[in-house]
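Okay, thanks for coming, everyone.

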Amino acid sequence: MAQESSHAAPRGAPGPHRVVVIVDENSNPFELGCATEVFGLRRPEIGPDLYAFRLCSPEPRTVMRDGFFTLTGVAGLEAADEADTLIVPNRPDIEVPRRPAVLDAVRRAHARGARLLGFCSGAFTLAEAGVLDGRRAAVHWQWADSFRARFPAVRLERDVLFVDDGDILTAAGSAAALDLGLHVVRRDHGAEIAASVSRRLVFAAHRDGGQKQFVERPLPDLLDESLGPVLAWAQERLDAPLTVSDLAARAAVSPATLHRRFRAQLGTTPLAWLTGERLALACRLIERGESRFEVVARRSGLGTAANLRALMRRGTGITPSAYKRRFGPG
């Protein structure tokens, strides 16, 4: 079950929530780009900036992975001490210890209550800093055995896309950085804004079909042409009494074949995907001001208010009433 984040509001000085990314020698450019896309870009169609975004580095010049380019002109490592959310560095050379100055910055941020994010091998940085002992974490499947051997005190969760353990969140792979980033936006600002950000990214808001985090494989394959149209068709009819048989008929395949394609391409089942899409729609309806939960349940295809409460508690970690207080109008 996802845990409710306590970091929607900025900590410390007034203004947007401050997200700082530490970039260290041999850091991966892709994850840096993911962080920039989700937290750093201005989105005038949404309104005021969601976050104040900065990069920092322990050195004036930082050579990125394999010497692809050199990063200059960013803040020093002291900027990490001002972060409400600190994204720690990740890199492919997992056996090389992180700089002591970087680990100290991570420990200071954790001690003062900042939220910590690790993308892909960033879990190694968090574990080296000692902040993951006894905590849940995700890491790329390729490094799972190495991670578990080096950090046995960490509760590594295999076969998950990302892990939200409250104030420490980790993504299992490079592309999963986008999944985790959108999850953070959804926790901080609600499903409607997260959906808007995902549309700008042309990236699914919930790659596993819902708000729960567990998937069968860390990195599902891309959709092929046989599955994409039926998903779009179903998303336009979530309030209708759709069944797995209806989806299979639309795709012109048997239910068993449809089930296999969902497992192969999305890492989930057709029913779980359908439920997740309906739950996401229910969240958006609440955000838009619908306060009658029986209406929300009916319009989202979830049936009854009791079913809505059970599924929202399971999927978001909070009740519809709590979701309304946090993300509803006003």
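Predicted model: local features only at pLDDT ≥ 70, side-chain atom pairs only at ≥ 80, totals over all residues.

Residues are numbered from 1 along each chain as its sequence is written, and side-chain values use heavy atoms, with hydrogens and water left out.

So, the overall make-up. The protein chain has 13 helices and 11 strands; those are DSSP runs numbered from the N terminus, H or I of at least four residues for helices and E of at least two for strands. Of its 330 residues, 54% are buried, and buried here means under 20% relative accessible area, with exposed over 50% and partly exposed in between, using a 1.4 Å probe on protein chains only. Take the contacts in the chain with a separation of 6 or more: 64% of them come from residues 24 or more positions apart. Contact means heavy atoms within 4.5 Å.

Now the sheet. In what order do the strands of the open sheet come? There are 7 of them, running β5-β2-β1-β6-β7-β11-β10, and the pairing is mixed. Two strands pair if DSSP finds at least two bridges between them. At the edges sit β5 and β10 (162–164), each pairing on one side only.

Let's start with β1, residues 17–22. Its parallel partner β2, residues 51–57, is joined to it by 6 bridges. Arg18 has Ala52 as its bridge partner in β2, and Val19 is opposite Phe53. To get from β1 to β2 the chain goes through helix α1, residues 29–40, and this β-α-β crossover is right-handed. Right-handed means that, with the strands pointing away from you, the path from the first strand over the helix to the second runs clockwise.

Why call β1 largely enclosed by the rest of the structure? Because 5 of its 6 residues are buried.

Elsewhere in the sheet, β2 runs parallel to β5, residues 75–76, with 2 bridges, and Cys56 is opposite Ala75. β7 (115–119) and β11 (168–171) are parallel too, joined by 4 bridges; Gly118 has Thr170 as its partner there.

On to the helix pair. α6 (191–201) and α10 (270–287) pack at about 115 degrees, with axes 8 Å apart. From α6 you have Ala191, Glu192 and Ile193, and from α10 Ala280, Cys283, Arg284 and Glu287.

Last, cysteines. How many disulfides turn up in the whole structure? The search finds 0, counting any pair of cysteine sulfur atoms within 2.5 Å. Cys283, from that helix contact, counts as buried because its relative accessibility is 0%. Cys34 counts as buried too, at 6%.

Key:
Axes fitted to C-alpha atoms, helices over the stretch in contact; angles between N-to-C directions.
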